Amino acid sequence: MNDLLEQFLDETRELVQSATEDLLALEAAPDDTEAVNRVFRAFHTLKGSVGLFDFPPWFSLLHAAEDGLSAARAGTLAVDAALIDLSLETLDATGRWADAVETEGTLPGTADAEGSVLAGRYRSLLSSGPEARAMDASALPGWASRLAEPLRGVEGRPRIAVRYQPRSDCFFSGDDPLGLVRKVPGLLAVSVEPAAPWSPDEEFDAFACNLAIALISDAPRAEIEAVFRLVGDQVTVVDLPTATDQRNASGGTISASAPAMEPVVAAILAEQVRVLAAAGEAQTDAGRLEACARSVMNTLRSAGRSGDADRCGQALGSGPDALRATIEAILTDRSNAASPTDGEEDHGASEPLGGDAVRTLRVDAARVDALVALVGELVVARNGLGYLAARAEAGEDAGMLARAIREADANIGRLSTSLHRSAISLRLTPLSSVFRRFGRQVRDAARGLGKDVVLVVEGEAAEADKGIVENLFEPLLHVVRNAIDHGLEDAVNRRQVGKPEAGRICLAAEQDGNGIVVSVSDDGRGIDPAFIRRRVVDRGLLQPEAVASMDDAAVTELIFAPGFSTAESVGALSGRGVGMDAVRAAAARMGGRVSVESRVGLGTTIRLHLPQTIALARIMVVGAGTESYGIAMDAVVEVVRRPRTCIHAVAGGNATVLRGRTVPVFRLVELLGRRDRPLDGDDALLLVVRANGETIAVEVDRFEDHIDTVVRPPAGLVGSVAGVGGTTLLSDGRVLLVLDPGGILADASVPARAEDR
Amino acid sequence: MSDTGSLRVEAPRVLVVDDGALVRMYYRGILERAGFVVDEALNGIEGLERVLGATYDLLVVDVNMPKMDGYSFLRAVRGREPPIRSIPSLMTSTEAADGDREAARIAGANFYLVKPLSEDVLVAHARALVGSRP
């Protein structure tokens, strides 16, 4: 059943997404009845799906939400900010709970409380609306539903509500009303109210009991009735529907009085009596009669009562009333044994949850087809090799053979390249999956800041690797919030400079060579280079002379410098201690970079330049001791040989001067935790690497090779080792660890680490 | 259906009419484990096409569906010729109100189950309505 859960989570996330979009659309156009219908339908489906599993708080919440939206659909509840906000919050909770179910297998501990608060808000919307409705069944008396209300949606055993109105002279007949209530087992809620309005003070009789006590308990009914057995005439007992109450075996008088029969059988028979009694349309009467007869006969046969089935078959010929009478006779015939239950029991379906959530990828079928076709070609090409081998065995001329082999190699090479490209395309995901989440984010951010913002989305069909698309949300969110918070002026300022009051944020993606560029533009105040210059100097990030020599574009790029934040005040929204440097770091992790373009008064555009696919990487293979390691060529600045006399001990480490700059020197063997080995040779081989914006030199024992390869993300044991960026396979089948210079550096900055190992 | 008192031997065939893909998947799993042959339809219109094209022993019908809801679907089935019009039906809904149950009876549903359904409940009612041993 793991499949089902997986499918459920997928579907849930999609529904949350589409309902969120529809709700946002509704906010702009509350009269859009189609959107109301879609939202209602999404909640309805969500509720139905959740109901397949055992998540009672979730189900109750969605049920309440569905009630609210159903009223909105019927026009009895206004589609206003309150309903939309509440529904968005419900979708938020649903999204979070889906995540929790995926990772933990259960709802978060707070789901119960959160769910009932949200559900309560739906109900109060409904009760303030024109169509005020009491909880669930119209049959519940007001006092019971009032008392049960806070417990609604809370899982538990079936509950019973009791109203006990002691006689006014009860104090003289030895009754102790509160003492009795205290004896009730499983007490969940109690309320005490005056049974009648209090009389005026001068007429008040302190010795007459004027109390009405209502309580809810989850103890068995018999136990509760036993407590009140001496005052039974003053007590009303009502069964409350439970959170997962089914009332499926339509507990009517007939089924209750026919306990000798299987409860299901009795319930079905009783239901046929009701169906036959219901006033249907004339043209369906024959069908309904026959269907009832067939249902009764089948049910009786399944219970091994063929004789009774035949009785019904005969009655069928005489019309619905005869059939009804026969069914009723069969039901009452069997009503002699006594058993108090109506035999229904339903706890929803609890599916065993699989331990680890499987990640799924939706792929366009055409891409899989293309892949399959290529694999087919590859198989054909491979057959050619067998033919070549046969020719070689037959002693064919080496020159001819070599040419044929080269052709086959070229052919297989072409195919494998296509295959690789085709396989990579399986992972391509449209950016729309990230962009569509921004409608909500922009709205919330704008509302939080009291700004009016229009979001424009362009190029959302552009595609990138799933890993990139999935990691894009956080950095983009940061940029977007920054743009709304700091980029866009407030309405007053905008009006003063002649801009429309609503700010404009444009989220765009476009293909750029082998990569994609994702940009966030605003039409706000722009970034003032003079301000940046001052700030950089004030913060001590750069010397005044250095800043003075930079042009404006370079100065603007300084917003990505660590420790730079243009926020005048730390806002709740964007000023969370993360600056644009976090965005730059995120882009770098994805193998990309960021850039900024800004014009004072006109606005700012931040661009993330990202690779489209996680394609082949150029790796330099270096040796340290007996081992080989890979380092991404992107990170390598240069490779130099330095005399050891030029490497100096500085403050507990080593450093050398390269092109006028002091560069720290680390030995790869030591970084990797190997014991110190004597230095050999007069020269040191240095790999100069840029990592996290710093330049370092790493001494290696030898340079081995350059290879183009696919680097797999670290997994399993190596996944937790700092400094390992991934693994790749060498042509001889060995696994090569590819080092992440940034990770190594972070590790090296804690000198004790190397000693510990 | 057979007029003899014997139990059926061939696997009973059920049509699940529900717009929820997940719900259909869930019912299919349960019903197939219980020995039913299961067909699916996404709404009443598709359901009608199915009913006219094959012989079913039971219809499991959702109330709330796009295009044609469960009530209309059942009314249409009950208005057809025999034996189609006599196919026993189980209506499933998330609504537990008396009015909804009554509407189902008027439409010709033979039993009404409130979702969510447990495996036991669905199987017990489905088996009874097609006449197989529990």
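Two strands pair if DSSP finds at least two bridges between them. Strands (E, at least two residues) and helices (H or I, at least four) are DSSP runs, numbered from the N terminus. In chain A, 4 strands form an open antiparallel sheet in the order β2-β3-β1-β4. This is a predicted model: local features need pLDDT of at least 70, side-chain atom pairs count only at pLDDT 80 or more, and totals for chains, interfaces and linings use all residues. Residues are numbered from 1 along each chain as its sequence is written, while chains are lettered from A and ligands numbered from 1 in the order in which they are written.

**Sheet of chain A**
- Strand β1 (residues 159-164) of chain A pairs with β4(A) over 6 bridges, in the antiparallel sense.
- A:R159 has A:L240 in β4(A) as its bridge partner.

**Chain B against chain A**
- Contact (C-beta atoms, placed from the backbone, within 7 Å) joins 46 residues of chain B to 47 residues of chain A.
- Elements giving two or more residues to this side of chain B are α1 (21-33), α3 (70-78), α4 (98-107), β5 (111-114) and α5 (119-130) of chain B.
- The largest share, 8 residues, comes from α5(B).

**A:L107**
- A:L107 lies in the loop between α4 (81-104) and α5 (111-128) of chain A.
- A:L107 counts as buried because it has 22 C-beta neighbours inside 10 Å; the cut-offs are 20 or more for buried, 12 or fewer for exposed, and partly exposed in between, with C-beta atoms placed from the backbone.
- Beyond four places in sequence, the contacts of A:L107 include A:F55, A:P57 and A:W97.
- A:L107 and A:P57 are 50 residues apart in sequence and 8.8 Å apart in space, C-alpha to C-alpha.

Conventions
Contact = placed C-beta atoms within 7 Å.
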